[in-house]
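Colleague: I am new to this structure. Could you take me through it?

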Amino acid sequence: MGGNKMSSNKVIFPATSGQVICGASRLPFDLTTLSAPDGSITAKFVSFGATMTELWVKDKFGKPRDIILGYDDNSRLLTDPDHPVFNPIVGRYANRIKNGTFSIPITKLPQPDGPNVYHIPTNDHDRYITWGIYGWDRRNWTLVSKTPTSVTYKHIDAADEGFPGSVTAYATHSVSNGGVLKTTVHAEATEKTPIMLTQHIYWNLDAFQDNTNDILSHHLQVDASRVIDVDGDAVPTGDFIAVGNTAFDFRQAQKIGARWNDTVDLCGLGCQGYDNAWIYDHPEDTRTGTSLWSDLSGIRVDISTNQPAVQVYSSFWLNTPRKLVHGGPSLNYGRWSAVAIEQEGYIDAINTPEFGVDQIYYPGKNFEWRSTYKFSVVH
């Protein structure tokens with residue numbers, strides 16, 4: 001993993017038309033700032049990965065805070081060898097693909113090599129997870145258009161990493177009065193291919209102020225009574241876990257750390273915390289699927305989405321220098337510094353036919369992803 005650092009101000013990054021050399025202050029690390037007319041929200045983005053790099057909203061005292069993780073030098077989105085995946089659009093297939101293989105039509109067991117059997121580079125113990133080797137988060141998206149309140153990026157995935165066919169995607173980020181951030185992604189395929197995307201945002205609603213360093217006191221509420229059951233490699237078994245009487249139950253709001261002793265090994269052997277996919281109980285496009293808030297800052301975010309699932313990762317493996325505004329670079333984003341909340345489809349459904357979920361797209365069947373983040377304050 002990781003890119004090749006060429007010098008202090010030049011990097012080589014993968015693109016759909018070969019390799020390109022850019023200065024860190026130019027494409028693809030060009031900065032676009034969006035601000036709502038009422039001053040309630042300001043968001044900053046770069047073309048690389050269609051990534052959000054800063055998100056400023058006001059706390060209960062009226063003071064703006066940058067509530068997402070990131071870098072002061074955005075070229076680190078490519079060159080950081082730890083590759084924590086700070087706030088980009090992730091694809092072509094987010095999360096896990098068991099053994100880095102799938103077939104169309106989908107099957108439970110790996111098929112012998114042949115037509116319609118595909119192999120994807122793996123990056124984590126022979127799993128293809130979240131970003132692949134050079135997924136959409138590490139590609140140079142083209143800036144198509146922008147206004148003071150919205151920006152649209154385009155990416156052409158020309159059968160990258162072994163996936164079939166080409167996919168053209170448009171990601172639009174916008175802000176509006178009342179503290180609203182919205183992201184939509186529209187993708188079209190030239191032939192049958194799996195598509196499953198997410199926006200991989202790391203939240204810390206206190207912004208590391210007032211001597212806070214983690215999100216264990218953040219309140220979380222998820223409209224979900226089931227979690228996808230996974231094996232020791234964090235790959236779905238095809239079953240579900242009922243959240244009742246478990247550490248997974250956030251149907252009523254709980255502090256993330258409320259049942260912390262019960263989370264040992266939940267996110268993998270030796271890992272404490274969460275890295276799991278909840279299945280929403282209802283369509284969440286016109287209601288709140290996930291809410292997160294902090295009593296300290298008073299900042300609350302309510303998330304609605306057209307996706308059927310949400311991955312919650314409490315950042316056990318983080319170890320990256322902080323932004324200056326978060327007390328860096330002498331301090332690191334460390335264990336439990338943030339919570340990533342990812343609106344997505346059923347994980348590895350392309351190898352789990354018992355889910356009954358169709359994630360194959362083709363001409364005439366386009367992919368749509370959208371999520372809205374509504375910010376408010378609690379006192």
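Modeller: A term comes first: a nonpolar core is a set of buried Ala, Val, Leu, Ile, Met, Phe, Trp, Tyr and Cys residues joined through side-chain atoms within 4.5 Å. Please note also that this is a predicted model.

Colleague: Which residues touch the most other members in the largest nonpolar core?

Modeller: They are Leu-55, Trp-203, Trp-278 and Phe-375, in a core of 61 residues.

Colleague: And what does Trp-203 touch?

Modeller: Leaving out residues up to four places away in sequence, Trp-203 touches Leu-55, Ile-67, Ile-68, Ile-215, Leu-292, Ala-338, Val-339, Ile-341, Tyr-373 and Phe-375. Another core, of 21 residues, lies apart from the largest one; Val-90, Tyr-93, Ala-94 and Tyr-118 are among its members.

Colleague: Turning to the sheet, what is the order of the four strands?

Modeller: The order is 4-5-6-7 in an open sheet, and the pairing is antiparallel. Strand 4 (31-35) and strand 7 (64-66) each have a single partner strand, so one side of each has no neighbour in the sheet. From one strand to the next, the twist averages 20 degrees.

Colleague: How many bridges pair strand 4 with strand 5?

Modeller: Five bridges join strand 4 to strand 5 (residues 41-46), in the antiparallel sense. Thr-33 stands opposite Lys-44 of strand 5.

Colleague: How many cavities of 30 Å³ or more are there?

Modeller: The count comes to six. The largest cavity has a volume of about 60 Å³.

Colleague: Which residues line the largest cavity?

Modeller: Its lining consists of Phe-48, Thr-51, Tyr-71, Leu-77, His-83, Pro-84, Val-85, Phe-86, Pro-88 and Asp-137.

Notes
Residues numbered from 1 in each chain as written. Predicted model: local features only at pLDDT ≥ 70, side-chain atom pairs only at ≥ 80, totals over all residues. Heavy atoms only, no water. Pairing = 2+ DSSP bridges. Helix = DSSP H or I, 4+ residues; strand = E, 2+ residues; numbered from the N terminus. Axes fitted to C-alpha atoms, helices over the stretch in contact; angles between N-to-C directions. Buried < 20%, exposed > 50% of the residue type's maximum accessible area, 1.4 Å probe, protein only. Contact = heavy atoms within 4.5 Å. 1 Å grid on protein atoms, 1.4 Å probe; cavity = no way out; pocket = protein on both sides within 12 Å on 5 of 7 lines; lining within 4 Å. Points joined across faces, edges and corners; volume = space filled by probe spheres on them.
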